Amino acid sequence: MPASSHAPHCATNTIQVASLHVYPLKGAAGFSPHSWPVDERGLRQDRRFMLVDETGNFISQRTCVKLALVRADIAHNIMRISCPTLAADNSRPRTDATIVHTDFCSYQIALDRLTSNMPKNESAYARVQIWDDFVQALAIWPDADAMLSEFLHQRARLVYMPDNTTRLTNMNRGEPRRNVSFADAAPLLLTSETSLADLNTRLQIAGSATIPMDRFRANVVVRGAALAEDDQWSALTIQHAQFRASNSCKRCKVITIDQATGEFGSRDPIVILATYRGDGNLVTFGQHLLVERAGMISVGDAITIDARLR
């Protein structure tokens, strides 16, 4: 990482947390709490569950766009996974392939029992792959597997990353390396409302439709930062939690997926980002964060920028 200036730098306007987003199941829709605890792996239980195919490789929206329509939320220490049940719309001609959502089916997992009573038998675990990493993950929910496989029209197995799993961030994200969940690269992703407003202005000028923040699947959305200011942050504090910014997030085609419909849209967001946020053949938007100190964070919390890149 480039050298940093460790004297705190106070912005003219207060930078604060605009929203928080937890995605318990990788690739699925999540929920937006007012307050949530942070530990080494990021927002607690974020992306600790994942779907894998018959080879044990992870499933994401990149290859299974309908995963956007699956939702995972947590309330009272119960995780609930839900997905629409589908039926043909008989009011339309049979040649019309329109599908309507008529109801939801769901599956619940008690997280407190899961973490306090992990199975000891090897048959309860499966070797799974997330990018270049291989880990042993708990896989004991055949009913959930059946529900999700039917909805996604492909074989899917639900797995969970136990607390004792070691999966470290890449060395190019700086030392010390930190444990990470099934997230692609880092424990948390931060984005800025100012950056989205700028992108949407550029999209409108180009005659394209604007996009919402959910396309970027961030954990922490901030308000009050100057345009591209987050590119210069190297350390920040929210309440008692401390974070290290490792690098800008390289974006893929997921930002072209409408998270409400589970359908690919225009490539315009990538095309426009490439005109001013290109990084080789890729584009960037948002910052990867590593957790230096755990704590509780909330919507409305002030963000202190402790260090910036020189």
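**Exercise 1.** Is tryptophan 131 buried, partly exposed or exposed?

*Solution.* Start with the source. This is a predicted model, in which local features need pLDDT of at least 70, side-chain atom pairs count only at pLDDT 80 or more, and totals for chains, interfaces and linings use all residues. Residues are numbered from 1 along each chain as its sequence is written, and side-chain values use heavy atoms, with hydrogens and water left out.

Next, take the classes: buried is under 20% relative accessible area, exposed is over 50%, and partly exposed lies in between (1.4 Å probe, protein chains only). Tryptophan 131 has a relative accessible area of 39%, so it is partly exposed.

**Exercise 2.** Describe the aromatic pair that phenylalanine 58 and tryptophan 131 form.

*Solution.* First, the rule: rings of Phe, Tyr and Trp (its six-membered ring) pair if their centres lie within 6.5 Å; planes under 30 degrees apart count as stacked, over 60 as edge-to-face, and the rest as tilted. By this rule there are five aromatic pairs.

One of them joins phenylalanine 49 to tryptophan 141, with 5.8 Å centre to centre and 55° between the planes, a tilted pair. Phenylalanine 49 sits in strand β5 (residues 49–52) and tryptophan 141 in the loop between β10 (133–138) and α2 (142–152), so the pair links distant parts of the chain, 92 residues apart. Helices (H or I, at least four residues) and strands (E, at least two) are DSSP runs, numbered from the N terminus. Phenylalanine 49 counts as buried because its relative accessibility is 1%; tryptophan 141, at 6%, also counts as buried.

The pair asked about, phenylalanine 58 with tryptophan 131, is tilted as well, with 5.0 Å between centres and 55° between planes. Phenylalanine 58 lies in the loop between β5 and β6 (71–75), and tryptophan 131 in the loop between β9 (125–130) and β10, 73 residues apart. Phenylalanine 58 has 11% relative accessibility and therefore counts as buried.

Last, the cluster: Phe49, Trp141 and Tyr160 form one aromatic cluster.

**Exercise 3.** Locate serine 82 and list what serine 82 touches.

*Solution.* Serine 82 belongs to strand β7 (residues 78–88). Its relative accessible area is 5%, so serine 82 is buried. A contact means heavy atoms within 4.5 Å. Leaving out residues up to four places away in sequence, serine 82 touches Leu69, Val70, Arg71, Cys105 and Ser106.

**Exercise 4.** Find backbone features at proline 176, asparagine 77 and glutamine 239.

*Solution.*
- The peptide bond from glutamate 175 to proline 176 is cis, with omega near -5°. Proline 176 lies in the loop between β11 (157–160) and β12 (188–192).
- Asparagine 77 is not a glycine, yet its phi is positive, about 65°. This residue, asparagine 77, is in the loop between β6 and β7, and at 37% relative accessibility it counts as partly exposed.
- Glutamine 239, also not a glycine, has a positive phi of about 55°. The loop between β14 (233–238) and β15 (241–251) holds glutamine 239, which at 45% relative accessibility counts as partly exposed.

**Exercise 5.** Summarise the whole chain.

*Solution.* Count the elements: four helices and 21 strands. Then take burial: buried residues make up 51% of the 310 residues. For contacts between residues at least 6 apart in sequence, 71% join residues at least 24 apart. Finally, the C-alpha trace spans about 60 × 55 × 35 Å along its principal axes.
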